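Okay, everyone, thanks for coming.

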Amino acid sequence: MPSERAASTRYLIRGATLPDGTGTDLLLAGGRIAELGPGLSSAGASVVDAAGLIALPGLVDLHTHLREPGFEQSETILTGSRAAAIGGFTSVFAMANTSPAQDTAGVVEQVLALGEQAGYVTVQPIGAVTVGLAGERLAELGAMAASRARVRVFSDDGFCVSDPLLMRRALEYVKAFDGVVAQHAQEPRLTEKAQMNEGALSGELGLMGWPAVAEESIIARDVLLAEHVGSRLHVCHVSTAGSVDVIRWAKARGINVTAEATPHHLLLTEDLVVGYDARFKVNPPLRRREDVEALRAGLADGTIDIVATDHAPHPVESKDCEWDAAANGMVGLESALSVVHAAVVTGGQLDWSDVARVLSAAPARIGRVDGQGQGLVIGAPAELTLYDPAASRVFGREDLAGKGSNSPYLSMTLPGRVHATFHRGYATVLDGALRPVAEIAAHGENTHG
Ligand SMILES: [Zn+2]
């Protein structure tokens, strides 16, 4: 069906609203935003009616667990890519805690290739900081950076690089190729057997607490190390008010640090633990209302640079069990934009231009990924999402496109809905539904050579 395929590579998006509020048409052709402005001609293009929809640059997630290789019962690169597309993402950074770990050029190249094969989003592998994420010796950072995967983000996420000397060496090493170390800030000795945020509620519930200081002390140490060696540090999933203060101080001092907050830490509080529903068990844990407020304020004033999902799918048996035995983590790709909408847009702390920055431009810049986060301008790669801000839905299992059903939002009412996602000029999602991967693969052969 060559004619159908040819038609599908040109889209006229009619009557969209840009993040700054301007109304426009967008013509996607040749994998780029070919034209932008009112009243564009639809000749030869598939028309997408975008009345009432906001056009956002394709979302970029700096923190995704895709689980492949090794944990394919939880997620695969294909299923995780589908979850990303349905959530409006056009690129995800795949965390290194796979099996084998993403700690060699061979494994990161394998992840890159599987992402290309899936075709829904750009899958950019993150490299492990230490061999096997064991925290004992540095992985082959240079080889991963020089590989076809061009790794620039290194993280042992899931584990903290707690050894200060290893952390220093990693920060020194990545300078050579403009890399960044993304730290999961958790002092391990202070969080042994921890089950939830430490405070009055953990005392009442009789659960071992995860104190804020275990996060804040590592961040304080690491910003000082980053300053000392003149390197780039990124802090994963900041969860406490004190951490926001430390990062604000570091930035004021000129330290090269960036930070992320997850959608769940921006919306949910530790009070949800009361029902012992393991969907609310996550690491770092859900915190107090004051922490949520501090994260929102930090995101609004730029102390927190980005929102990243920490999408962490688990099989049902890992969550459908007693709180103490349950795995940490929540799926987040499919719900991220709606949760950010509910957490910080509805209340006026962020506008849609801010959302474009914290979910696209800034994560692409921090991760140094090509072809992403360039915004909606003529000539930019056709990476975008159309979002319906007026929609509202009770979030359900049918809204999840990955393998994991461990979403904390099931049965909650969330605002908005992703209407369409375009990756490399092709609609991966239309009318809120995934397009067949075979068509995308065929398109890929046609346009990327
Ligand atoms: Zn983590």
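**A walk through the chain**

So, the secondary structure of this chain comes to 14 helices and 19 strands. Both are DSSP runs, at least four residues of H or I for a helix and at least two of E for a strand, numbered from the N terminus. Before I go on: this is a predicted model, where local features need pLDDT of at least 70, side-chain atom pairs count only at pLDDT 80 or more, and totals for chains, interfaces and linings use all residues. Residues are numbered from 1 along each chain as its sequence is written.

Overall shape next. The C-alpha trace spans about 65 × 45 × 45 Å along its principal axes. With 449 residues, a compact globule would have a radius of gyration near 22 Å, and this chain agrees, with 21 Å. That radius is taken over C-alpha atoms, and the globule rule is 2.2 Å times the number of residues to the power 0.38.

How much of the chain is buried? Buried residues make up 56% of the 449. Buried here means 20 or more other C-beta atoms within 10 Å of the residue's own, with C-beta atoms placed from the backbone.

Now the domains, whose bounds come from an automatic or database domain assignment. Domain 1 is 2-55 + 380-448, and domain 2 is 57-367. Their C-alpha centres lie 26 Å apart. Across the boundary, 33 residues of domain 1 are in contact with 42 residues of domain 2, contact meaning C-beta atoms, placed from the backbone, within 7 Å. Which element gives the most to domain 1's side of that boundary? Strand S17 does, with six residues.

His-423 is buried, with 30 other C-beta atoms within 10 Å. The C-alpha atoms of His-423 and Pro-381 are separated by 8.5 Å, although the two are 42 residues apart along the chain.

Over to strand S5, residues 54-57. Ile-54 and Leu-56 point one way, Ala-55 and Pro-57 point the other, and all are buried. S5 pairs with strand S16 (residues 384-394) in the antiparallel sense over four bridges; for two strands to count as paired, DSSP has to find at least two bridges between them. Which residue in S16 does Ala-55 stand opposite? That would be Leu-386.

Ala-55 turns up again in the largest nonpolar core, which has 135 residues: Ala-55, Phe-154 and Val-340 have the most contacts inside it. A nonpolar core is a set of buried Ala, Val, Leu, Ile, Met, Phe, Trp, Tyr and Cys residues joined through C-beta atoms within 7 Å. This core draws at least three residues from each of domain 1 and domain 2. Leaving aside neighbours within four places in sequence, Phe-154 is in contact with residues including Ile-126, Leu-141 and Val-181.

Last stop: an open sheet of five strands. The order is S9-S10-S13-S14-S15, with parallel pairing. S9 (153-154) and S15 (306-307) are the edge strands, each pairing on one side only. S14, residues 257-261, pairs with S15 over two bridges, and Ala-261 has Val-307 in S15 as its bridge partner.

Definitions and conventions. Buried ≥ 20, exposed ≤ 12 C-beta atoms within 10 Å, placed from the backbone. Contact = placed C-beta atoms within 7 Å.
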